[in-house]
Amino acid sequence: QVQLVESGGGLVQAGGSLRLSCVASGIIFRINSMAWYRQAPGKQRELVAGISSGGTTNYAETVKGRFTVSRDNAKNTVYLQMNSLKPEDTAVYYCKVSGFTSWGQGTQVTVSS
């Protein structure tokens with residue numbers, strides 16, 4: 001059974017930075033693509049960034065140039081470095097294993113103006 005535990009969220013001022021982490025278990029982490037999603041109040045969950053098993057990355061246009069996704073296969077962990085944060089980045093952030101339906105509990109990111 002896939003288990004995902006996100007951490008690293010918090011309250012930050014606009015222009016600030018946060019680094020999210022997601023530890024995955026129950027899978028062979030190194031062979032799976034991973035992704036970060038977010039869900040703001042009253043909005044649908046949206047894809048933020050993804051990283052393949054080989055390290056290829058992709059980003060939503062709204063975060064391109066500000067966010068960086070990375071992974072450490074030795075630690076079964078995927079990261080999301082978020083810089084130049086904006087109030088519209090406020091959301092609960094989730095990680096997900098591609099091809100699986102499990103979600104973690106998410107981590108709240110709040111950006112004040």
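Reader: If rings of Phe, Tyr and Trp (its six-membered ring) pair when their centres lie within 6.5 Å, with planes under 30 degrees apart counted as stacked, over 60 as edge-to-face and the rest as tilted, how many aromatic pairs does that give here?

Author: The count by this rule comes to two aromatic pairs. Please keep in mind that this is a predicted model, in which local features need pLDDT of at least 70 and side-chain atom pairs count only at pLDDT 80 or more, while totals for chains, interfaces and linings use all residues. Residues are numbered from 1 along each chain as its sequence is written, and side-chain values use heavy atoms, with hydrogens and water left out.

Reader: OK, how do Tyr37 and Trp103 sit relative to each other?

Author: Their ring centres are 5.1 Å apart and their planes stand at 85 degrees, so the pair is edge-to-face.

Reader: And where do those two residues lie?

Author: Tyr37 belongs to strand β4 (residues 34-39), whereas Trp103 is in the loop between β9 (91-97) and β10 (107-112), so the pair ties together parts that are 66 residues apart in sequence. Strands here are DSSP runs of E, at least two residues long, numbered from the N terminus.

Reader: What's the other pair?

Author: Tyr94 and Trp103 make an edge-to-face pair as well, at 5.9 Å centre to centre and with 80 degrees between the planes. Taken with the Tyr37 contact, these ring pairs link Tyr37, Tyr94 and Trp103 into a cluster.

Reader: Is Tyr94 buried or exposed?

Author: Tyr94 counts as buried, with 11% relative accessibility, where buried means under 20% relative accessible area, exposed over 50% and partly exposed in between, for a 1.4 Å probe and protein chains only. Tyr37, with a relative accessible area of 22%, is partly exposed, and Trp103 falls into the partly exposed class at 35%.

Reader: Switching topic, which strands make up the open sheet?

Author: There are four, arranged in the order β1-β3-β8-β7 with antiparallel pairing, where two strands pair if DSSP finds at least two bridges between them.

Reader: How many bridges join β3 to β8?

Author: Six bridges connect β3 (residues 18-25) with β8 (residues 77-82), and the two strands run antiparallel.
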